[in-house]
Amino acid sequence: MGTVPSALKHCLSYQHLLKEQLWIAEPPAAAHPAQEPQASGLPEYIKIVEVGPRDGLQNEKVIVPTDIKIELINQLSKTGLPAIEVTSFVSSKWVPQMADHKEVMRGIERHPGVQYPVLTPNLQGFHSAIGAGATEVSVFGAASESFSKMNINCSIEESIERFEEVTKSARNMNIPVRGYVSCALGCPYEGNVEPDKVAEVSKRLYSMGCYEISLGDTTGVGTPGSMKKMLEVVMKEIPLSALAVHCHDTYGQALANILTAIQMGVTVVDSSVAGLGGCPYAKGATGNVATEDVIYMLNGLGINTGVNLYAVMEAGNFICTALNKKTNSKVAQASFCTGTIN
Amino acid sequence: ATGGYPKRVKVVEVGPRDGLQNEKNVVPTPVKISLINMLSETGLQVIEATSFVSPKWVPQMADHTEVMQGINKLPGISYPVLTPNLKGFQAAVAAGAKEVSIFGAASELFTKKNINCSIEESLERFDEVMKAAREASIPVRGYVSCVLGCPYEGKISAAKVAEVSKKMYSMGCYEISLGDTIGVGTPGSMKEMLTVVMKEVPVGALAVHCHDTYGQALANILVALQMGVSVVDASVAGLGGCPYAQGASGNVATEDLVYMLNGLGIHTGVDLQKLMDTGTFICNALNRRTNSKVSQASCRL
């Protein structure tokens, strides 16, 4: 019913069409540091950690050429994103997509004010990362023994010992380390995961020197209910300012879960441009939440991110074209023509 | 407040009407009837069955009489139908309808483009329906479109939404479903709009009808629940694209909504597995993929 507005009747150039979109609002003005908290009780500012080039591409079937990876990261560097996870210094035997980690690390532009963390599963990976110019690293723990065993072939305790070697070296070199806890709201093997376990692993990572703990809903099974319960327990052990959420959208719950986390005071959110990265545990299902959709929500809440949504959408368009796939971002889908009108 | 949620939420299933109306392929009558019958077995209490509108405007709903007469009407389940005017209302009642819905909008331009009159004129048309419904003891549900934005006017003032909602409520609608017609709303605009509307219409008479075109639906619904809304519209398998953004999605998927409500410990009475099976049925019949992420994810290890 009703006619289509003229703005959508003709497919203009991508950029032009974006600008015509009324709903891709400019981000709110930058918050004054001394400003009081918003009347809504929500944070003034949310730091977005862009994991597309690593977590996203790692879970894409098609191997992406090195120059495309570098171009993607360079485009993301211009969007205002404060942190972009670049690659993973893991054996190429395990993760072929990340085999070019050195070339990518050395090839990208390094913009001032932007962090470029890389994954380092062990001391060897750490040294390799530093050799290639990395200035921040991440380590990955899990709140599930089965997941730890299946993923990295050792117990949680053994993995913690490995990471302690990394954090010790990192401390000596003044390299910040971010800690991830997978399966924070459920495990593909064990099912339910106790919040106490999540808190315990988070605390170990935090005590060994990780400056931030990113709590990952690895299979996207979490809901606002389980997110709240888990955060309440973890917040007893880790200061709120050191917590991040890494939500997968496999069950469509990501934005609702992120909103819940933000309402509880979390101020760091991981996301992936164009929602890159499917779920390795549910064939054909989606994985990471799309950065565009997160920013759209945060803009609507009057929360500052420093990120230009148009620019992220362009980077998303670039990588989807290169991967010959449709974007997983609903904001991107809604914002440009995907075919002929009528 | 982040703490409080309603203990129960009434899910209003709009797939057979709003969903199918926005699907390209015309669905055969027996398939529509099977769809509604399957939905009746899931525990849903309200299933919007069809629309008594002229087939010239909405070919998908041309079989409204056959559908209304053909479905199993289970006790305890309501099967509302759209009635754009008195003629439609009379046809609906003759076909056995026991509840009807009328559609207003918070945007003048949208009303003009959609039904070729002003908001005021549209409400006058509905007055006739309200009168007849009152005489026949038929409950009427009111919809307000474009509550968080309009494809023609852009931003919509919360005051306008409140004004139209109040009018429809005063006319006798027992419930007002606030529709984010193009899915542009965010938790911010949802909260702002509801704050104003709740001054004019009791929260117990409010429902939200969110579209997921920008991926915001569940977050918007979450905020509405936090503010005390306890009636939520959704469409099985997320049926129904967006007529204003080619290729984009429309209605929020009932499966994804129920999954979230289950996780919040909110009672809906709906069996998620049966709902998913129904979604699979209609998607096969339509030869299309589901828009429900819960359904997509259910291929596990």
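Okay, ground rules. It's a predicted model, where local features need pLDDT of at least 70 and side-chain atom pairs count only at pLDDT 80 or more, while totals for chains, interfaces and linings use all residues. Residues are numbered from 1 along each chain as its sequence is written, chains are lettered from A and ligands numbered from 1 in the order in which they are written, and side-chain values use heavy atoms, with hydrogens and water left out.

So, the interface. On chain A, 49 residues are in contact with 50 of chain B, contact being heavy atoms within 4.5 Å. About 4,100 Å² is buried between the two chains, with carbon and sulfur atoms giving 58%; that's the accessible area (1.4 Å probe) lost on putting the two parts together, summed over both.

How many salt bridges does the rule find across this interface? Two, where a salt bridge is a side-chain nitrogen of Lys or Arg within 4 Å of a carboxyl oxygen of Asp or Glu. B:Lys293 forms a salt bridge with A:Asp249, closest N and O atoms 2.6 Å apart.

Zooming out, the whole structure has 22 salt bridges over all chains. In chain A, A:Lys325 pairs with A:Glu60 at 3.0 Å between the closest N and O atoms. Both sit in loops, so the pair ties together parts 265 residues apart in sequence. A:Glu60 counts as buried at 14% relative accessibility, whereas A:Lys325 is partly exposed at 25%; buried is under 20%, exposed over 50%, partly exposed in between (1.4 Å probe, protein chains only).

Last one: A:Lys47, A:Arg178, A:Glu212 and A:Asp270 are linked in a salt-bridge network.

Note on methods
Helix = DSSP H or I, 4+ residues; strand = E, 2+ residues; numbered from the N terminus.
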